[in-house]
Every structure is written in structure tokens, then in C-alpha cells.
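Open the model in your viewer and keep the selection panel at hand.

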Amino acid sequence: MRTLPKDFLWGGAIAANQVEGGYNEDGRGLANMDVVPNGKNRFQYMFGNVQDLSFKEDEKYPVLNGIDFYHRYKEDIALFAEMGFKVLRLSISWSRIFPRGDEERPNEKGLQFYDDVFKELKKYHIEPLVTISHYDFPLYLVKEYGGFKSRKMVDFYKKYATVLFKRYKGIVHYWLTFNEINDTLILPYLSAGVVIDPNEDKEQQLYNAAHHILLASAWAVKIGHEIDPTNKIGNMFAGGTWYPYTCHPQDVFATITKNRDAFFFCDVQARGYYPSYKLRELERKGITIPFEDDDKEILKNNTIDFLSFSYYATHVVSGDEKLNEEIKNNPLATLKNPYLGEILYKRQDDPMGLRNTLNMYYDRYQKPLFIVENGTGTNEVYVEGKEINDERHIEYYREHIKALKDAVIIDGVDLMGYTTWGCIDLLSASSCQMSKRYGFIYVDLDDEGHGTMNRYRKKSFYWYKKVIETNGEDLD
Ligand code: BG6
């Protein structure tokens, strides 16, 4: 009987800006998300609508302290090792390495921190899977250069990536260039460090940023391969296929169009050129892509080795604009799928949708895939001496792992691994809540920043350990 490959990479995923804290230690500069408060204004920042990026007295900034991974990484990694992780997806804080972003030389102390983290991972034979930039840009570059709206960012990113590839050569073998790159067009501040200039054409600014970030990604592939040809370098996009609201041909076409929001980025990164549907769309809208000499060549010759993506749920769209009205201004929203359960945190669980999604991507690109985020937020509470019963996590993961196994074993999808999102409770990117808990490991910290930050194993911790031990065979 077929099983998952023996070298399947089981593990979990975290991101610097959601766990590290230590925001002003050892020379680190401020990052874009440091100045985004929790609370109701958060999305306006992420949309790139807030011009004033200073700290406000009456706001809270939980990201500054995170879950204190900066000081507790040894304890956390020991817990990941106890679960048997083969891989840990983590990101590097750009402003730890280049505090402003445009310095000549990197910050040695920042590099040393990741030396130490990687050393600790090696001790337990855990492979690092490194996201070079996970919603993470030095604030100085955002303010001074306008983030990826500016072509100069490509050079700053190249320099930063070169330092990482050289320093961690032979230590890190798996890299992702940018987190959820397709969010550049929806949440430009979060994904590309872009604040929209209200006096200029918004869409043109977004596509300038998209082109520059795609270019930077291709440069990273080039540089990473030159420094170490054994490096495996992937992209990362917000995944999850769109379904048609009905089988009406207009709904089906709306679905094709919606799926292209992610395909556009993947097409450039995996195939090496702008797809014709996007070129026509931009032509109709009068938007120009800021191509310069050699850009096409760079994109063409430096395609990714594998595709990685986050999968939380599928989404539904209609061809009837009136019906879509309710989801139009919310990038996370979906029309309700009558065949799935309740909507929680704007998502409807759809394990079978993971199999659909994997097949769709593999059919299209024929490159290895990596699920680098999957999970669901729950709000269990720690009570001293009692088991932390997060049965919902177990059910969610069980069904999704079954689905990915079907995709690999029955359908023949080439899947490198699976890292669940927020393997340790961390700050939510969208809401900055702690109470939206994804982890196998509980962190004693609440939404107000109160708590000991002590770590506790949840029920799912022991369950996932068994899953990894049996290479996904025992899911009970
Ligand atoms: C992904 C991001 O979009 O979803 C993560 O890459 C994020 O950074 C995750 O945390 C879950 O979303 P949220 O908003 O619940 O944290």
C-alpha cells in the first residue's frame, strides 16, 4: 500500500513579526508592522491607507513584544523537537539584519541571533524553511522610499538576500522569497510595505509594487542558486481555490477570474513571464508595467524550484455583481457555501478543498508543492492543572491531512511537506489577537498583553507527535 514519502517534511510555521518581540534589542530597527496597532484601525494600515506611521499614545502595539521568541527560542524549539518536527518554517526580521534597510553593512548581532536559532534547530535535526520577508520591511524603507512602489527596493532586497544566502550557506537549504505575495494587490502595506499616495493612481501604484516584488523574488532565486546551487527556493502565496456560486457559466467565468488573482503571481514566478490575461487586463485599464532592460530576462531565467502556499479554506464567488457586493471590500470574505459548515473567522472549513487546491496547482505548474500554512484559530483557555483540550484543532488537522494524503497517494501530487500555521500560539496577523489560537503549544498571554508567557502542551501536541511518528498513518 502506498504511503506518504519517507522524507515528507512535517512541521509548523511561524513568522518573526508575530513571535519575536525584542523589537529594539541588539540594534534591530523598526519594521512596518511594529507601528500597526491592534484594534479597529488595523485594516486601514494594511490596505495602505494610513499616512502617519508614528506610534500613538492611546494605541497598543502587541507586536513589539510578540510571544518573546527572541528570548525563549530554545525552549520553543525543544518543544517542536519533542513533537518530532522535521522542519520549522520561520522568517527573518529584515530590520534585524539591516536596521534601516539601506546601510552598507549588516548588523552582526542580528545575524548572530539567527546563527543561534539555526544551531538550535540543527541540534534536533530540524530543517529550517526560511521566509526571507514575511510581511516584514524596515520601516525606514517604507517611509523614505515608499516600499516596493520604488524600484530601489529591489536593490535593497537583493543585498539583504545575498547576505542571508552567504551567511547561512549549507545551513539553510529551503527558502521562500516573500510571504503571500498575491496580497500585494489587496493589502499592500502588509505584503509590500506600500502606503498608497492619494494623489496618484492607486492601481498603477499597486502594479508598480507587484512588478518590483516579482522582480526581487526572481533576483533572489538567481542569487540563491549562484551562491549554493543546492538551494531550493520557492514562492509563497495565499492559496485556496475559488468555487462558482452555481454552475451558471457566468459564475464559472467569475471563478476563473478570481483564481487568476493568485495565478498571476505564480505564473510569473513559476513560468517566467506575465500571462496574457493580465497583460490584456492592464492594457484595458491603461496601466503600464514598469519594465526596464533585462527585467524580462531575469524573470524568465529564474523561476522558482517549488510552489508553497497557505491553505485555510476555499472561497465562493458569483458572476452576479449584486451578490458579490457583500464580499467586495473584504479580501478575507467569501459567499457562503451551502455544502460546508458554519463560517468562523470568515472561513468555512473545507478539507476536500485542500485536495482540490493541490490538484489544481499541480496540474497547472507541474512543480513540487509545499503546504506552508494550514490551521484554524480557536480560543481555549489554560486552567492550572487541567488538560488544554483543543479537540477542534485535532479534528481540523485530521481531516486536512487525510485530504493531502489523498492528493499525494491517490492523485500523484508531488508534495514536499506540511507545516501547520502557528504551531505555537502567536499574534494574529489580521487582528493581532492572542485569543485566536492556532498552536499545539499554549502561550499564557491574553489580548491585553497580560500573562506569564509560559508555554504549555495542548492535547493536540500529543496527537501531532503521533502523526509525525507514524508519517501520517495514525490520525486517530
Ligand atoms: C496568513 C499569514 O495569511 O495567515 C500569517 O501568512 C497569518 O502571517 C495567517 O497569521 C493566519 O491569519 P490570522 O489573521 O488569523 O493571523
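Does Tyr135 count as buried or exposed? Select Tyr135 and show its surface. The relative accessibility is 8%, so Tyr135 counts as buried. This is a predicted model. Tyr135 sits in the loop between β3 (127-133) and α6 (139-145). Now check its backbone. Tyr135 is not a glycine, yet its phi is positive, about 55 degrees.

**Asp26**

Next, select Asp26. Its phi is also positive, about 50 degrees, and Asp26 is not a glycine. Look for Asp26 in the loop between α1 (16-19) and α2 (42-46). Because its relative accessibility is 36%, Asp26 counts as partly exposed; the buried class needs under 20%.

**Asn182**

Go to the loop between β4 (174-178) and α8 (188-192), and pick Asn182. Asn182 is buried, with a relative accessible area of 8%. Which residues does Asn182 touch, leaving aside those up to four places away in sequence? Show Phe237, Ala238, Asp261, Ala262 and Phe265.

**Helix α10**

Color α10 (249-271). Look along the helix at Ala262. A kink of about 45 degrees is centred there, on Ala262. Ala262 is also one of the residues that Asn182 touches. Now take the distance between the end C-alpha atoms of α10. Step off the end of the helix. Gly272 follows α10 and has a positive phi, near 95 degrees.

**Helix α11**

Move on to α11, residues 276-285. Select Tyr277, Lys278, Glu281 and Leu282, the buried residues of this helix. Turn the view to look down the axis of α11. The buried residues fall within an arc of 130 degrees, so they line one face of the helix.

What covers the buried residues of α11? The cover includes α9 (202-227), α10 (249-271) and α14 (351-365). Show these helices together with α11.

Just after α11, stop at Gly286. Its phi is positive, about 70 degrees.

**Val154**

Select Val154 in helix α7 (residues 152-167). Val154 is buried, with a relative accessible area of 4%. Not counting residues up to four places away in sequence, Val154 touches Phe148, His212, Ala216 and Trp219. Val154 and Thr452 are 41 Å apart in space and 298 residues apart in sequence.

**The whole chain**

Zoom out and show the cartoon. There are 16 helices and twelve strands in the protein. The radius of gyration is 21 Å, close to the 23 Å that the globule rule gives for 476 residues, so the protein is as compact as a globular protein of that length. Along the principal axes, the C-alpha atoms fill a box of roughly 60 × 55 × 50 Å.

Color by accessibility. Of the 476 residues, 59% count as buried. Switch to the surface. The protein exposes about 19,700 Å², and carbon and sulfur atoms supply 49% of that area.

How many of the contacts between residues at least 6 apart in sequence join residues at least 24 apart? The share is 77%.

Conventions: Residues numbered from 1 in each chain as written. Predicted model: local features only at pLDDT ≥ 70, side-chain atom pairs only at ≥ 80, totals over all residues. Heavy atoms only, no water. Buried < 20%, exposed > 50% of the residue type's maximum accessible area, 1.4 Å probe, protein only. Helix = DSSP H or I, 4+ residues; strand = E, 2+ residues; numbered from the N terminus. Arc of directions from axis to C-beta. Contact = heavy atoms within 4.5 Å. Bend = angle between axes of the 7 residues up to and from the residue. Rg over C-alpha atoms; globule rule 2.2 N^0.38 Å. Areas by Shrake-Rupley, 256 points an atom, 1.4 Å probe, with all protein chains shown as cover.
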